[in-house]
Amino acid sequence: MRFAVNSIAPYLLTKKLLPLFAPSGRVINLSSAAQASVDLSALAGSGRLSDSSAYAQSKLALTMWSRTMGLSLKGKGPAVIAVNPASFLGSKMVKQAYGVAGNDLRIGAQILYRAALSDEFASASGQYFDNDSGQFAQPHPDALNAQKCEEVIRTMEAVLNRALEKQ
């Protein structure tokens with residue numbers, strides 16, 4: 001479920017909406033500092049993961065396809081940018097998973113607003129912004145590996161094709 005919500009659904013939605021975007025548009029994807037290498041069998045729905053592993057892997061998958069799509073569209077389509085809004089914001093998930101109130105949610109909202117509208121992000125397609133450090137940063141090493149990114153995208157496409165065949 002986490003892969004479907006955090007990775008596959010935003011991927012499909014972005015692909016479907018691409019024709020409507022102006023080249024100056026932006027797709028801001030909500031990533032996370034919590035990222036882990038993607039188990040392709042779990043992404044495909046065959047493996048089981050703990051909630052935290054599924055979350056971390058789904059956020060890396062989102063960062064991987066965002067980077068790949070963003071770089072492929074650079075100059076021809078909307079900027080696609082993955083953003084870690086900040087760690088341990090006061091969301092329901094943080095409260096339930098860690099038993100802490102977390103930081104002010106406005107921190108995350110402010111960086112997403114900035115990413116969507118400020119000139120600083122206008123030419124950042126394919127990049128990863130880490131709000132914990134307050135700057136563009138290197139994503140997880142797997143997101144820099146073109147072969148691994150393509151494997152993740154191929155797996156997501158296979159999941160989507162299977163879902164369409166069932167309809």
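Q: Which residue in β2 is the bridge partner of Leu30?
A: Val83 in β2 is the bridge partner of Leu30. The model is predicted: local features need pLDDT of at least 70, side-chain atom pairs need 80 or more, and totals for chains, interfaces and linings use all residues. Residues are numbered from 1 along each chain as its sequence is written, and side-chain values use heavy atoms, with hydrogens and water left out.

Q: What makes β1 and β2 a pair?
A: Two strands pair if DSSP finds at least two bridges between them. β1 and strand β2 (residues 79-84) have five bridges, in the parallel sense. Strands here are DSSP runs of E with at least two residues, helices are runs of H or I with at least four, and both are numbered from the N terminus.

Q: Why do β1 and β4 count as edges?
A: The four strands form an open sheet with mixed pairing, in the order β1-β2-β3-β4. β1 (26-30) and β4 each have a single partner strand, so one side of each lacks a neighbour in the sheet. From one strand to the next, the twist averages 35°.

Q: Why is the pair of Phe121 and Phe129 called tilted?
A: Four aromatic pairs are present in the structure. Rings of Phe, Tyr and Trp (its six-membered ring) pair with centres within 6.5 Å; planes under 30 degrees apart are stacked, over 60 edge-to-face, the rest tilted. Phe121 and Phe129 have centres 5.1 Å apart and planes at 55°, so the pair is tilted.

Q: What makes Phe121 and Phe136 a tilted pair?
A: The centres of Phe121 and Phe136 are 5.0 Å apart and the planes are at 55°. This pair links distant parts of the chain, 15 residues apart: Phe121 lies in the loop between α5 (106-117) and β3 (128-130), Phe136 in strand β4 (residues 135-137). Phe121, Phe129 and Phe136 form one aromatic cluster.

Q: What makes Arg2 and Asp51 a salt bridge?
A: A salt bridge needs a side-chain nitrogen of Lys or Arg within 4 Å of a carboxyl oxygen of Asp or Glu. In Arg2 and Asp51 the closest N and O atoms are 4.0 Å apart. Arg2 sits in helix α1 and Asp51 in helix α3 (residues 51-73), 49 residues apart. Asp51 has a relative accessible area of 56%, so it is exposed. Arg2 has 30%, so it is partly exposed.

Q: What makes Glu157 and Lys15 a salt bridge?
A: Their N to O distance is 2.6 Å. Glu157 in helix α6 (residues 146-166) and Lys15 in helix α1 are 142 residues apart. Glu157 has 22% relative accessible area and is partly exposed. Lys15 has 35% and is also partly exposed.

Q: Why do Arg114 and Glu120 count as a salt bridge?
A: The closest N and O atoms of Arg114 and Glu120 are 2.8 Å apart. Arg114 is partly exposed at 31%. Glu120 is partly exposed at 40%. The count comes to four salt bridges.

Q: How does Leu17 qualify for a nonpolar patch?
A: Patch residues have over 30% relative accessible area and no salt bridge; like charges are joined within 9 Å, nonpolar side chains (Val, Leu, Ile, Met, Phe, Trp, Tyr) within 5 Å. Leu17 has 33%. Leu17 lies in helix α1 (residues 2-17). Leu13, Leu17 and Leu20 form the patch, with about 310 Å² of accessible area together.

Terms used:
Areas by Shrake-Rupley, 256 points an atom, 1.4 Å probe, with all protein chains shown as cover. Buried < 20%, exposed > 50% of the residue type's maximum accessible area, 1.4 Å probe, protein only. Axes fitted to C-alpha atoms, helices over the stretch in contact; angles between N-to-C directions.
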